[in-house]
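Please open the model in a viewer and keep the sequence panel beside it. The stops below are arranged so that each selection leads to the next.

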Amino acid sequence: MPEPLSTESTAFRSALDVIRGVEPRVADAIGQEVEDQRASLKLIASENYASPAVLLAMGNWFSDKYAEGTIGRRFYAGCRNVDTVESLAAEHAKELFGARHAYVQPHSGIDANLVAFWAVLAARVEAPALQRAGARQVNDLSEKDWAELRRELGNQRMLGMSLDAGGHLTHGFRPNISGKMFDQRSYGTDPATGLLDYDALRATAREFKPLIIVAGYSAYPRLVNFRIMREIADEVGATLMVDMAHFAGLVAGKVLTGDFDPVPHAQIVTTTTHKSLRGPRGGMVLCDDSLVEQVDRGCPMVLGGPLPHVMAAKAVALAEARQPSFQDYAQRIVDNSRALADGLMRRGATLVTGGTDNHLNLIDVATSYGLTGRQAESALLDSGVVTNRNAIPQDPNGAWYTSGIRIGTPALTTRGLGTGEMDEIAALIDRVLTSAEAGTTSKGAPSKAQHVLDEKVADEVSRRAAELLDGFPLYPGIDLS
Ligand SMILES: Cc1ncc(COP(=O)(O)O)c(C=O)c1O
C-alpha cells in the first residue's frame with residue numbers, strides 16, 4: 001500500500017493543481033524552483049527556507065484587502081481580520097525581541113529603513129518646526145514655512161558603515177534614495193584588524209554631528225557593540241538606528257545578547273524578516289517609546305497599503321521564532337559559521353578579520369587564491385556551490401569585481417547540516433578555488449570576470465555537494481511528484 005500523503009504535500013499539490021488550471025507555466029516554475037532549491041548548496045548569507053506554515057499563510061484572501069492606517073485606525077472599512085494578524089505579528093515581535101513597540105507593515109528591508117529615517121526626521125526636524133510655527137500638522141503651515149521645513153528635512157546628516165567594511169546601500173549611499181536624502185559620511189574598520197574602529201567612529205561623529213548614526217551590516221563577520229554605539233550617539237546628540245536585517249535571527253535566538261543585542265540600546269531598530277529570522281519576505285521596525293507615534297505613521301508617510309497576507313506569515317514566523325528550538329537553531333548557525341571559518345583557515349584561506357562571530361564569513365579570495373570575487377563566485381557556481389561576491393575593506397578590485405566571497409550558514413543550518421558537513425564544505429570550496437585560475441578576454445587580455453576551471457574538478461565537487469545535500473533533504477515532508 002502506498003504511504004498516505006502528508007498534509008503539507010496535499011496542500012502544496014492542490015495549490016499547484018489550481019494554478020496549473022489557469023497558467024501551467026507558473027505552476028511548473030514553482031515546482032522547478034523548489035527542485036532547484038533542493039539541489040543547491042546555498043551559502044548565500046541573506047537567504048533561508050521559510051517553513052510550510054509561513055509559506056501557506058501568504059497564499060490567501062488577505063492579499064485582497066486594503067488596510068491603510070494602523071491597527072484599529074484604518075482608512076478602509078472591514079479590517080478586523082487584518083487587525084487580528086497585524087496585532088499578533090506585532091505582539092510576537094515585541095515579546096521575542098523585548099521591544100516597546102513593533103511595526104510590522106514594511107514590505108521589505110529598504111521600506112523598513114525608510115520608515116525609520118522618516119520617523120526620526122518627523123520627530124527631530126518636523127515636530128520642532130511645527131511647534132515653532134504654532135501648527136498642529138504640515139497642512140497648517142504657510143507656503144514659506146513649508147518650503148523652509150522641506151529644505152531642513154533635506155539637509156540632515158547620517159553616519160553609516162562604509163560599503164567596503166560591510167555596510168548596506170540603504171545606509172546613506174548615493175545610488176540609493178537614502179544617499180539622496182542625507183548628507184552621509186561613513187565609518188569603517190581598522191585596516192590592521194578588519195574590526196570596527198570605535199575610536200575613529202567617535203572622532204568622526206564628534207566632528208560631523210550626524211542626526212542619525214546607523215549601525216548594522218550585510219557583510220561584517222563580527223559582533224557590533226551597540227552599547228558603545230549608543231554612547232557615541234548620545235554624546236553627539238544623534239539617534240542610534242540599528243539595521244539588524246542580517247542578524248535578527250541571532251538576536252531572536254538569544255545568541256546576541258547584552259551589548260550585542262541592539263534592541264535595548266538603539267532608539268530604533270529595523271530588520272528584514274526573511275534572512276536569518278526565517279520568515280516571509282518583508283520588513284519590520286522596532287522602537288522605544290520616543291518614536292512610536294512617528295513609526296506608526298509609516299503608512300502613509302512612506303508606505304501605501306500593507307500586505308496583510310505577509311503580515312499573517314510574519315505572525316506565524318515570529319511564533320516559530322519564539323519556540324525554544326529556534327534558540328538551538330540560532331546557536332547552530334553560528335557554530336556552523338565558525339566551523340566553516342576554521343575549515344577554510346586550516347586549509348590556508350585568508351578570512352577578513354581572521355574568522356567570524358556570526359552567521360557569515362568573508363573570504364579574501366584575492367589574497368588566498370589570486371582570484372577576483374567575480375571569478376571565485378563563478379567557479380564555485382560551476383561546482384554546485386552558490387555564494388556571492390562581496391567587496392572587502394579597501395578592495396583592490398572595486399565594488400563590481402570585488403576581492404571577496406561572502407558565505408553564510410542560515411540556509412544550510414535550516415536543512416540540518418552541522419559542523420562536520422561544514423568542514424567538508426570548506427574542503428570543497430578550497431578545492432575549487434585552488435584549482436580555478438584567472439581567465440582572459442576574447443582578445444587574450446587578462447580578465448577580472450573570466451575564470452578557468454578544470455571540468456573534472458567542477459564535476460567531482462558538484463557530485464560531492466549533491467551527495468551531502470541528499471543526506472539533508474529540504475522540505476522532507478513535501479512530495480510534489
Ligand atoms: C542590512 C540590510 N538592510 C536592508 C536590506 C534590504 O532588504 P530588502 O531587500 O528586503 O529591501 C538588506 C538586504 O540585503 C540588508 O542586508
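Begin by selecting L169, which sits in the loop between β5 and α7; helices (H or I, at least four residues) and strands (E, at least two) are DSSP runs, numbered from the N terminus. This is a predicted model, in which local features need pLDDT of at least 70 and side-chain atom pairs count only at pLDDT 80 or more, while totals for chains, interfaces and linings use all residues. Residues are numbered from 1 along each chain as its sequence is written.

Is L169 buried or exposed, or does it fall in between? L169 is partly exposed, because 17 other C-beta atoms lie within 10 Å. The classes are as follows: a residue is buried if 20 or more other C-beta atoms lie within 10 Å of its own, exposed if 12 or fewer, and partly exposed in between, with C-beta atoms placed from the backbone. Show the neighbours of L169 next: not counting residues up to four places away in sequence, L169 touches P175 and N176. Two residues are in contact if their C-beta atoms, placed from the backbone, lie within 7 Å.

Now move to G167, in the loop between β5 (156-161) and α7 (177-181). G167 is buried, since 24 other C-beta atoms lie within 10 Å. Its contacts, leaving aside neighbours within four places in sequence, are G160, M161, S162, S186 and Y217.

Both residues carry a record: the UniProt annotation "binding site", from an unreviewed entry, covers L163, G167, H168 and L169. UniProt positions are given in the numbering used here, feature names are shortened, and annotations may be inferred rather than shown by experiment.

**The shell around the ligand**

Display the ligand and select S108, G109, I110, S218 and A245, which come nearest among the 14 residues around it. A residue is near a molecule or strand if its C-beta atom, placed from the backbone, lies within 6 Å of it. Which helix gives the most to this shell? Helix α5 (residues 109-133) does, with three residues. Coloured by residue class, the shell divides into two nonpolar, 11 polar and one charged. Here Ala, Val, Leu, Ile, Met, Phe, Trp, Tyr, Cys and Pro count as nonpolar, Asp, Glu, Lys and Arg as charged, and the others, Gly among them, as polar.

Select T204, in helix α8 (residues 198-208). T204 counts as buried because it has 20 C-beta neighbours inside 10 Å. Leaving aside neighbours within four places in sequence, T204 is in contact with L159, R185 and Y187.

Continue to K209, in the loop between α8 and β7 (212-216). K209 has a positive phi of about 50 degrees although it is not a glycine. K209 is exposed, as 12 other C-beta atoms lie within 10 Å.

**Further backbone features**

T402 also has a positive phi, of about 60 degrees, and is not a glycine. Find T402 in the loop between α17 (398-401) and β14 (404-408). T402 is buried, with 26 other C-beta atoms within 10 Å.

Then select C299 and P300, which are joined by a cis peptide bond with omega of about 15 degrees. P300 lies in helix α12 (residues 298-301). Most residues other than glycine have a negative phi, and most peptide bonds are trans.

Across the boundary, 25 residues of domain 1 are in contact with 26 residues of domain 2. On the domain 1 side, the elements that give two or more residues are α10 (248-252) and α13 (308-321). The largest share of that side, three residues, comes from α10. The residues of the domain 1 side divide into 12 nonpolar, seven polar and six charged.

**The whole protein**

The C-alpha trace spans about 75 × 60 × 45 Å along its principal axes. Buried residues make up 49% of the 481 residues. Of the contacts between residues at least 6 apart in sequence, 73% join residues at least 24 apart.
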